[in-house]
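Hello,

Here is the structure we talked about handing over. Please open it first, then read the notes below beside it.

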Amino acid sequence: MERLYAPWRLAYIKNEDGTPPPTPGSCIFCDKPAEGVGRDAANYIVLRGDACFVILNAFPYSNGHVMVLPFRHIASPAEMTDDEGAEMMRLCSFLCVVLGEVFRPHGFNIGINVGSAAGAGIAAHLHLHIVPRWNGDTNFMPVIGDVKVIPETLEQVYTNLVNAIAARERSAPGPIE
Ligand SMILES: [Zn+2]
């Protein structure tokens, strides 16, 4: 599917944003978090948990499209530990709250494609999609034009999400003693 925006994608594809070029056989979902917290903004890593992290989808289906992934390079929920599974779902729940606050979607598509046969783009590293949806977002543009309109840049989406998460953390009560 074609999209109307794209300027930063070229820099991403051409590695002009300082991203190290991928090495053959490497996994982008392992490499991005391994570059360190200092590169999280450049890598669009929204949140790090103990076993899983949240990253923007660089090629979003809709505004605010994020993914929740285990740090471990595993391909299927069959390989997940209980801790990874629990944290993946906890982060999914939290992101639904934050995405709801920031983008006011009318609904979400949430899902995992396991294996390339099921449509996974990067089948080797498990990732759960959270795609905000709005009434009428399947309008004539994607249906007739095969073009999707994304109203915000990835930078704007990233900044809005990180700020909303930080605001929640500031206002949250401390841990219960
Ligand atoms: Zn990986």
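Leaving out its neighbours within four places in sequence, Leu95 is in contact with Val54, Val66, Val68 and Ile130. Please keep in mind that this is a predicted model.

As background, nonpolar side chains in soluble globular proteins tend to be buried together.

Next, the strands. Strand 2 and strand 3 form a hairpin, with three residues between them. The two pair in the antiparallel sense over three bridges, and Leu47 stands opposite Val54 in strand 3. On to the next pairing: strand 3 and strand 4 also run antiparallel, joined by five bridges. Here Ile55 stands opposite Met67 in strand 4.

Is strand 3 mostly covered or mostly open? It is mostly covered, since four of the five residues of strand 3 are buried.

Then the helices. Two packed helices are described by the angle between their axes and the distance between the axes. For helix 3 and helix 5, the axes come within 10 Å and cross at roughly 115°. The crossing is right-handed. Which residues make the contact between helix 3 and helix 5? From helix 3 they are Val98, Glu101 and Val102, and from helix 5 they are Asn160, Leu161, Ala164 and Ile165. Sorted by class, this contact has five nonpolar residues, one polar and one charged.

Last, the chain as a whole. The protein chain has five helices and seven strands, and from the N terminus on the elements run β-α-α-β-β-β-α-β-β-α-β-α. Of its 177 residues, 20% count as buried. Among contacts between residues at least 6 apart in sequence, 64% join residues at least 24 apart.

Regards

Key:
Residues numbered from 1 in each chain as written. Predicted model: local features only at pLDDT ≥ 70, side-chain atom pairs only at ≥ 80, totals over all residues. Contact = placed C-beta atoms within 7 Å. Buried ≥ 20, exposed ≤ 12 C-beta atoms within 10 Å, placed from the backbone. Pairing = 2+ DSSP bridges. Axes fitted to C-alpha atoms, helices over the stretch in contact; angles between N-to-C directions. Left-handed = near helix turned anticlockwise from the far one by under 90°. Nonpolar A, V, L, I, M, F, W, Y, C, P; charged D, E, K, R; others polar.
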